[in-house]
Amino acid sequence: MIKKILSILALFLLAFGYFSCSEESNPEFDQDNFTKIYDSNSFTATYYPIDLEQTADGGFIILARTEIENTNFFGTYLLKADQDGNFENEMHFDASFVNPVAKFMKVGDTYTFFCMDEFRMAKLVSIDGNLENLTVSLVNGITYPYVAALDNTNFVLQSFNDVDKKTAMSIINPAGNVVKNKEFDLGAGFEIDPEIDIVQHFFKFGKKIPFQVGKTGSTYYFNGFYNYSIALVFTDLNADDPQGVVYGEGDNGGISTAVPIAGSKFALARTNFGKNYMLPNQTLNMSGISSSEGGNPFPELEINAPIQILRATSESKNVLVYASNTRSKQIGLYFYDETTGAFLSSRYLGFSNPFEIGNLTQTEDGGLAVCGTTYLAGRFPRICLFKISKEELAKQVK
């Protein structure tokens, strides 16, 4: 049960640019810029947000992983906050809903994500904006879901076939039925064992692989294991072989985030033996073989830091927002011009306690919402939510 919401002191918020005045003198401004931390009265409770969506009433639903008993997998948790970030509702799922994955997707009036049951089978879960009406579909034949994305009215899902030891790409309809499925070999080599990395990815505190999936034009892509390497793979889901592959360095590096912009132009992040690089304006070979290379190094980020990329608009200007974890234990936001790839500014969220990125989204009012994990007293993982106004975003990208 959520016990309370901790609001960061106005002085702290002023220091980081979240507020320009106190709540008493300008409460309207505070509604557009806030920081919330959601505490729990349970000493053993842990929450690790992975994605969020804004609801029709202006509030937010946050999808998070949480530790539960009697399983080596993470459990599933949802938190509903109102438009001011105040706690409204929550939902804890039992052990038949484990390992929830991004993306958390808004489909009509419902909010949808994939997880798996206790037998590793994929589940498609949808719920309304009040966390009241739940719909669950078992996705037969699909095990170990990694990551999902919207594909018009369907979903595209990357998963692991633990019987044939292959990476699977599937198109799944809203009823949870597999419309199309294509599998890709992990490879035949002896330098690394991707299955070990894959299994550890699902366990608590195991090594996390930057799985990703999506579609650009008529071409599908996934970032995951192919041919014994972390690779960004392009496919039409028909041919046995990929159309194009951007290889990494085995399991020691590769593309960590890929967001299509137009045609073969992408906003990318990559890692190489722990170092992080950002490539905000990159043209990829989608029909051939290449290697991930180049980019602006960011030594201020943690080793192998997770990096989220959001395409956003500010006063008719298209921008890219990179979000990651800094060595100083803050969430770093890095703003780029989408057209030119030029760096615009940076901003840092969090103070005193460690903070880690979950994900971010552009809000209906033109601002940003960022969810993440903070560690109260340095040890208790709790959900945090930042709201940045349209005006503050415009200052970052002018």
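**Overall form and selected details**

Tutor: A compact globule of 398 residues would have a radius of gyration near 21 Å, and the chain has 20 Å, which agrees. Please keep in mind that this is a predicted model.

Student: What does the C-alpha trace span along its principal axes?
Tutor: The C-alpha trace spans about 65 × 45 × 35 Å along those axes.

Student: How many helices and strands does the chain have?
Tutor: The secondary structure comes to four helices and 30 strands.

Student: What percentage of the residues is buried?
Tutor: Buried residues make up 59% of the 398 in the chain. As for the surface, the chain exposes about 16500 Å², and carbon and sulfur atoms supply 48% of that area.

Student: And the contacts, how many of them join residues at least 24 apart?
Tutor: Among contacts between residues at least 6 apart in sequence, 48% join residues at least 24 apart.

Student: What is the mean pLDDT of the chain?
Tutor: The mean pLDDT is 89, and 90% of the residues reach 70 or more.

Student: Where does pLDDT stay under 50?
Tutor: It stays under 50 over residues 1-27. The model has 62 contacts beyond four places in sequence for that stretch. Where pLDDT is low, the predicted coordinates should not be read in detail.

Student: Let us change topic. How many salt bridges does the structure hold?
Tutor: The structure holds 11 salt bridges. In one of them, the side chains of Lys 80 and Asp 57 meet, with N to O at 3.2 Å. This pair links distant parts of the chain, 23 residues apart: Lys 80 lies in strand β5 (residues 74-81), and Asp 57 lies in the loop between β3 (48-54) and β4 (60-67).

Student: Is Lys 80 buried or exposed?
Tutor: Lys 80 is buried, with a relative accessible area of 1%.

Student: Which residue forms a salt bridge with Lys 166?
Tutor: That residue is Asp 185, and the closest N and O atoms are 3.6 Å apart. The two partners are 19 residues apart and again link distant parts of the chain, with Lys 166 in strand β13 (residues 166-172) and Asp 185 in strand β14 (residues 178-185). Lys 166 counts as partly exposed at 25% relative accessibility, and Asp 185 is partly exposed at 45%.

Student: What about Lys 395, which residue does it pair with?
Tutor: Lys 395 forms a salt bridge with Glu 392, and their closest N and O atoms are 3.1 Å apart. These two residues are separated by about one helical turn, because they are three residues apart in helix α4 (residues 390-397). Lys 395 is exposed, with a relative accessible area of 52%, whereas Glu 392 is buried at 7%.

Student: Which residues do salt bridges that share partners join into one network?
Tutor: Asp 57, Lys 80 and Glu 88 are joined in that way.

Student: Now the sheets. In what order do the four strands of the open sheet come?
Tutor: The order is β19-β20-β21-β23, and the pairing is antiparallel. The edge strands are β19 (253-262) and β23 (296-297), each of which pairs on one side only.

Student: How many bridges join β19 to β20?
Tutor: Eight bridges join β19 to strand β20 (residues 265-272), and these strands run antiparallel. As an example, Gly 253 has Asn 272 in β20 as its bridge partner.

Note on methods: Residues are numbered from 1 along each chain as its sequence is written. This is a predicted model: local features need pLDDT of at least 70, side-chain atom pairs count only at pLDDT 80 or more; totals for chains, interfaces and linings use all residues. Side-chain values use heavy atoms; hydrogens and water are left out. A salt bridge is a side-chain nitrogen of Lys or Arg within 4 Å of a carboxyl oxygen of Asp or Glu. Buried means under 20% relative accessible area, exposed over 50%, partly exposed in between (1.4 Å probe, protein chains only). pLDDT is the predictor's confidence in each residue, from 0 to 100. Contact means heavy atoms within 4.5 Å. Two strands pair if DSSP finds at least two bridges between them. The radius of gyration is taken over C-alpha atoms; the globule rule is 2.2 Å times the number of residues to the power 0.38. Accessible areas come from the Shrake-Rupley method with a 1.4 Å probe; for residues, only the protein chains shown count as cover.
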